[in-house]
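Biologist: Please take a close look at a single helix and describe what surrounds it.

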Amino acid sequence: MKIAILSRSGYIYSTSRLIEEAKNRDHRVIVVDPLKCNLVMEKSEPHVHVVKHKLERVDAIIPRIGASITHYGSAVIRQFEMMNVFTSLNSNALLRSRDKLRSMQLLSRESIDFPKTFYTNMNSSLEAEEILDFVGGAPIVVKVLEGTQGVGVMLLESKMAAVSVIQAMHSLHAKIMVQEFIEEAGGKDLRVFVVNNKIVGAMVREGKEGDFRSNLHRGGTATRAKLSKEEKQVALQTCRALGLQIAGVDMIRSKRGPLVLEVNSSPGLEGIEAATGVNIAAEIIKYVEHGARTQSKTKINRSNG
């Protein structure tokens, strides 16, 4: 099988691990920079050119789309979808997962719990003090809608600090969400890695001293986690709600049960593989094999019918 990994570089840890495991299972692998993809549309024959050369037929793609190129990356994935190429990440699911507000709306509809969240139009007449009241007052967490890896996430412990930052963000027309702060989480969270509706690994992440954010990119540490039945159910339900077959679901433990913080549709492999000892890259390749075979059989059956 020929697999294309959509990634800016083959030297990124997650991409290199996927290449390694795909080759171990006797697949041909190419790395394609999504920003070098040109999309050609014509009647009944959409195709992709990498710079000037037409990309030869591939059986499956594994998108590793960074947050900064979400919209163009989703267009590239959609082109492959139009070409009936199996993708491990649906273009619409990518867009849903990257939009923090949309994600929360979908989770709310499915009765999945998360920290109480407030979002408003920047032109709203609400005062900052009124916004605080909606989430139970300070301390609060303020999140920039398009931030990743802990960037654009702020803990504001006093009412004065919270009001000041909300007012500043509004004056800059920044898109933010205001959330209640879950103190009992103690600066720890869970990263649950899901592949094809199955949990393949989970770790507890703890922020470095003085930092409530637990992201490994920000100096946090990770150890293997043992999940409760409810935590497993929430992680799987979250992926189904967003239409994701591969995802890292971030949750915290609270007095009222597990609360979803966010969902990563291109989760990194380095931290989770190191913490759990699980070959998650191989699990992803197995899923891609199954998905590509199933899609191929479906296509053959339709043409025969």
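Modeller: Helix α2 has 13 residues and spans 18 Å from first to last C-alpha, close to the 18 Å expected at 1.5 Å a residue (the expected span is 1.5 Å times one less than the number of residues). This is a predicted model, in which local features need pLDDT of at least 70, side-chain atom pairs count only at pLDDT 80 or more, and totals for chains, interfaces and linings use all residues. Residues are numbered from 1 along each chain as its sequence is written, and side-chain values use heavy atoms, with hydrogens and water left out.

Helices (H or I, at least four residues) and strands (E, at least two) are DSSP runs, numbered from the N terminus. The buried residues of α2 are Thr-70, Gly-73, Ser-74, Val-76, Ile-77, Gln-79 and Phe-80, where buried means under 20% relative accessible area with a 1.4 Å probe, protein chains only. Their cover includes strands β1, β3, β4, β6 and β7 as well as helix α3.

The axes of α2 (residues 70–82) and α3 (residues 91–98) come within 8 Å and cross at roughly 160°; axes are lines fitted to C-alpha atoms over the stretch in contact, and angles run from 0 to 180 degrees between N-to-C directions. The two helices are therefore roughly antiparallel (angles over 145 degrees). In contact (heavy atoms within 4.5 Å), residues of α2 including His-71, Arg-78 and Glu-81 meet a set in α3 that includes Asn-92, Leu-95 and Arg-98. Just after α2, Asn-84 takes a positive phi of about 60°.

Terms used
Angles under 35 degrees count as roughly parallel, over 145 as roughly antiparallel, 65 to 115 as roughly perpendicular and the rest as oblique. Buried means under 20% relative accessible area, exposed over 50%, partly exposed in between (1.4 Å probe, protein chains only).
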